[in-house]
Amino acid sequence: MTISSALSNAMTGLRAAGRNSQTISANIANAMTPGYGVRSVDLTSSQLGGVRIDGITRNVNPALLVDRGLAEAAFNNASDRTQFLKSYEDFLGIPDDPNSLSARIAQFESSLVTSTSRPDAPERLDASVNAARDLATLISSASRDIQEARSEADRNIDFQVKKLNSSLVSVQELNRQITKTAALGGDTSALQDNRQALVDEISAMVPVRQVPRDNGQIALYSTGGAILLDGGVAEIEFNAVNQVTPYMTLGGGTLSGLTVDGYPVQTDSARGALGGGSLGAQFEIRDELGVEAQTQLDALTRDLIERFQDPAVDPTLAVGDAGIFTDSGIAFDPLNEVGISERLSINAAIDDRQGGESWRLRDGINAAVQGDVGDSRLLQALSETLTARRVPASGDFGSGAFSAINLASTLTSQLGADRAQAEQTQTFTSTQFNELTQLVLAEGVDTDQELQKLLLVEQTYAANARMIEAADEMMQTILRL
């Protein structure tokens, strides 16, 4: 080996050591950076002697990243569903809660019993009216809570669709930059990190699978079969509304669905082309869970109104007259059940806040003047109709007959069971997501290993530097001869 070749080999070794040192330092600095892929320098022997730097390799496990993305989508979906059910259950309360739906009905029933024992006591009649008002307020507030949750879901859908469209365009642009940079011989690792971070954001909203394409590009397909990115970018469209009302449904055409490149796609939980992630969960809250909750609450409200709207209970009522509970002040119409829970109020005839008198509970809603203050027959009838077993005219409560408080307990029990099942699913998906996240992190930067590599690089650098120093000494010796 000539001195010049030895010097050349040492110089290539120094360049390789320097590049290795930079790469290792970047790995250590980004050890906690999400989505960062561990870099390594590719070296081969040069035909002219020494080593050649072939490029930088980004070491990731694509299959594991896809699985983690799918797990995150499932976890987000389960979390959003659980949050809705838990919030609704908290609002209605459990039977032991003194402010729960069941407790409010029990308080109203108890107040009627108390009034029956002393029909001449105005304070007891007032307490019964207040208990009826509290019950109506809770039910109407719960209905508004449902619609607010549906409205929030509609706004979240609009936000996520816009974010999904912009992220897909960004991935397409990064595909192009990666291809261009690779063609020029540059390092595409940072671009791939940025692209993976965007893919992770997309997958949290819509579970996707990555398909490698030529020149370092990728295509994205939803697990529901929609083509989101394959050369061109899919355009996803959605039209938000300002406020969702009980009358507004996707099936009725008053709420927007999704279109992909102009074609409508399913958004229900079973067959949604873009379902399975947080976007699908918002559609499920708006169009399934929220609608079901409203339907059940409306059915309970209808049962409550009809119990006291019966002329057989209050002889002062004619057919079509409103009883204690009303539909915004008028009698309930079975053809207008949707949203009745939000419109529920007590009759102005007994409400002192609306100019009424509580003695009409004792003498009849339509009574013009007070009757016998010791007559408790109507109060007894009101108490009995509240506890009478009736088959609900609507809703999904089975074929049994229920008292008012039993019907409320059945509603809250159904809700509790749905919430418990949702929490179980959330726990499973959370465990799966956390385990896959740990696996991804385990394949990330190992700082101990990187420091060991750095020590070897330093030794290599020192050896090549010593070679250059030795070659310089030999050249100086020759020149002095």
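Leu 191 touches Leu 174, Gln 177, Ile 178 and Thr 181, once residues up to four places away in sequence are set aside; touching, or contact, here means heavy atoms within 4.5 Å. The model is a predicted one, in which local features need pLDDT of at least 70 and side-chain atom pairs count only at pLDDT 80 or more, while totals for chains, interfaces and linings use all residues. Residues are numbered from 1 along each chain as its sequence is written, and side-chain values use heavy atoms, with hydrogens and water left out.

**Leu 191 and its helix**

- Leu 191 sits in helix H5; helices (H or I, at least four residues) and strands (E, at least two) are DSSP runs, numbered from the N terminus.
- With a relative accessibility of 15%, Leu 191 counts as buried; buried means under 20% relative accessible area, exposed over 50%, and partly exposed in between, using a 1.4 Å probe and protein chains only.
- From C-alpha to C-alpha, Leu 191 is 8.6 Å from Asn 175, and the two are 16 residues apart in sequence.

**Packing of H4 with H5**

- Two packed helices are described by the angle between their axes and the distance between the axes.
- H4 packs with helix H5 (residues 189–205) at an angle of about 155 degrees, and their axes are 9 Å apart; axes are lines fitted to C-alpha atoms, for helices over the stretch in contact, and angles run from 0 to 180 degrees between N-to-C directions.
- That angle makes H4 roughly antiparallel to H5, on a scale where under 35 degrees is roughly parallel, over 145 roughly antiparallel, 65 to 115 roughly perpendicular and the rest oblique.
- H4 and H5 have a left-handed crossing; this means that the near helix is turned anticlockwise from the far one by less than a right angle, whereas clockwise would be right-handed.
- On the H4 side, the residues that meet H5 include Leu 164, Leu 168, Val 171 and Leu 174, and their partners in H5 include Leu 191, Leu 198, Ile 202 and Met 205.
- The contact of H4 with H5 has ten nonpolar, eight polar and three charged residues; Ala, Val, Leu, Ile, Met, Phe, Trp, Tyr, Cys and Pro count as nonpolar, Asp, Glu, Lys and Arg as charged, and the others, Gly among them, as polar.

**Packing of H3 with H4**

- Helix H3 (residues 101–117) and helix H4 (residues 122–183) have axes that come within 8 Å and cross at roughly 165 degrees.
- H3 and H4 are therefore roughly antiparallel to each other, and their crossing is left-handed.
- Among the H3 residues in this contact are Leu 101, Ile 105, Phe 108 and Leu 112, while H4 contributes residues including Leu 125, Ala 131, Leu 135 and Ile 139.
- By class, the contact of H3 with H4 divides into eleven nonpolar, six polar and three charged residues.

**Nonpolar cores**

- The largest nonpolar core has 54 residues, and Leu 101, Phe 108, Ile 324, Phe 325 and Leu 382 have the most contacts inside it; such a core is a set of buried Ala, Val, Leu, Ile, Met, Phe, Trp, Tyr and Cys residues joined through side-chain atoms within 4.5 Å.
- Elements giving two or more residues to this core include helix H2 (62–92), H3, helix H6 (278–308) and helix H10 (404–442), and H4 gives the most, with eleven residues.
- Leaving aside neighbours within four places in sequence, Leu 382 contacts Leu 112, Phe 308, Val 313, Ile 324 and Leu 361.
- Another core, of 28 residues, lies apart from the largest one, and Leu 191, Leu 198, Val 206 and Leu 229 are among its residues.

**Other buried positions**

- Arg 302 lies in helix H6 and is buried, with a relative accessible area of 14%.
- Beyond its neighbours within four places in sequence, Arg 302 is in contact with Phe 332, Pro 334, Glu 337, Ala 393 and Ser 394.
- Gly 93 is in the loop between H2 and H3, and is buried at 6% relative accessible area.
- Gly 93 and Gly 416 are 323 residues apart along the chain, with their C-alpha atoms separated by 9.8 Å.

**Positive phi outside glycine**

- Asn 215 is not a glycine, yet has a positive phi of about 65 degrees; this residue lies in the loop between strand E3 (208–212) and strand E4 (218–222) and is exposed, at 56% relative accessible area.
- Asp 261, also not a glycine, has a positive phi of about 55 degrees; Asp 261 is in the loop between strand E8 (258–260) and strand E9 (263–265) and is partly exposed, at 45%.
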